[in-house]
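Let's walk through this structure together, from its overall make-up down to a single residue. Have the sequence and the 3D view ready.

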Amino acid sequence: MRNIRRLGIGKGIDGKMSGSGSGCGYLLQIVYPACPQPELVMGLPPHSDFGLLTLLIQNEVGGLQIQRNGKWININPIPNSILVNTGDHLEIFTNGKYKSVLHRAAVNKVARISIGIASGPAMNATVGPAHSPLIQNETFPPLYVPMKFSEYVEMAD
């Protein structure tokens with residue numbers, strides 16, 4: 001809950017986030033081997049992460065791209081940094097205030113390594129917009145129908 005408040009969306013929330021006591025996390029290591037013709041191959045197709053946040057640690061080889069205004073933008077890695085990617089659950093929880101990031105990974109002529117650490121609620125938790133007047137009210141009605149996180153993950157696949 002403390003991290004939610006740091007994002008400026010925790011005021012007025014009753015202190016209970018669905019599934020916050022027993023969330024799920026994933027650790028994913030992806031090695032993109034060197035490719036002699038990277039313009040002919042896609043490393044990872046466009047997708048969004050279904051959890052709350054994803055932390056990404058990568059070597060100094062570029063390849064991550066995000067979509068903005070219909071165009072793919074290269075995200076050049078910053079040495080010794082951790083990239084934070086917003087996921088679908090954060091978009092749902094904030095009723096669209098924070099958007100999930102559509103991204104993909106390209107391959108290069110040299111090997112690229114990325115390690116992703118994703119977080120989300122428990123699979124049996126109900127996810128939906130936070131019950132807060134800052135998130136949903138007469139001006140901003142709920143944009144998402146609450147559902148079990150496991151149902152959302154199946155639907156998103």
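Two strands count as paired if DSSP finds at least two bridges between them. Helices (H or I, at least four residues) and strands (E, at least two) are DSSP runs, numbered from the N terminus. What you see is a predicted model, in which local features need pLDDT of at least 70, side-chain atom pairs count only at pLDDT 80 or more, and totals for chains, interfaces and linings use all residues. Residues are numbered from 1 along each chain as its sequence is written, and side-chain values use heavy atoms, with hydrogens and water left out.

With those terms in hand, let's take the whole chain. The protein has 3 helices and 10 strands, and from the N terminus on its elements run α-β-β-β-β-β-β-α-β-β-β-β-α. Of its 157 residues, 36% are buried, where buried means under 20% relative accessible area, exposed over 50% and partly exposed in between (1.4 Å probe, protein chains only). A contact means heavy atoms within 4.5 Å; among contacts with a separation of 6 or more, 78% link residues 24 or more positions apart.

Now look at the sheet. Four strands form an open sheet in the order β2-β7-β4-β5, with antiparallel pairing. At its edges lie β2 (42-47) and β5 (71-74), each pairing on one side only. Inside the sheet, β4 (residues 64-68) and β7 (residues 103-106) pair in the antiparallel sense over 3 bridges.

Zoom in on Gln65, which sits in strand β4. Its bridge partner in β7 is Arg104, and the side chains of Gln65 and Arg104 also make a polar contact (2.5 Å); such a contact is a pair of N or O atoms within 3.5 Å, where within protein one must be able to donate a hydrogen and the other to accept it, and residues adjacent in sequence count only if both atoms are side-chain atoms. Is Gln65 buried or exposed? Gln65 has a relative accessible area of 12%, so it counts as buried. Leaving out residues up to four places away in sequence, Gln65 touches several others, including Trp72, Ile73 and Leu102.

Finally, turn to the nonpolar cores, which are sets of buried Ala, Val, Leu, Ile, Met, Phe, Trp, Tyr and Cys residues joined through side-chain atoms within 4.5 Å. The largest has 6 residues: Cys24, Ile92, Val127, Phe149, Tyr152 and Val153. Helix α3 (residues 149-156) gives the largest share of this core, 3 residues. A second, separate core of 5 residues includes Tyr32, Cys35, Ala105 and Val107.
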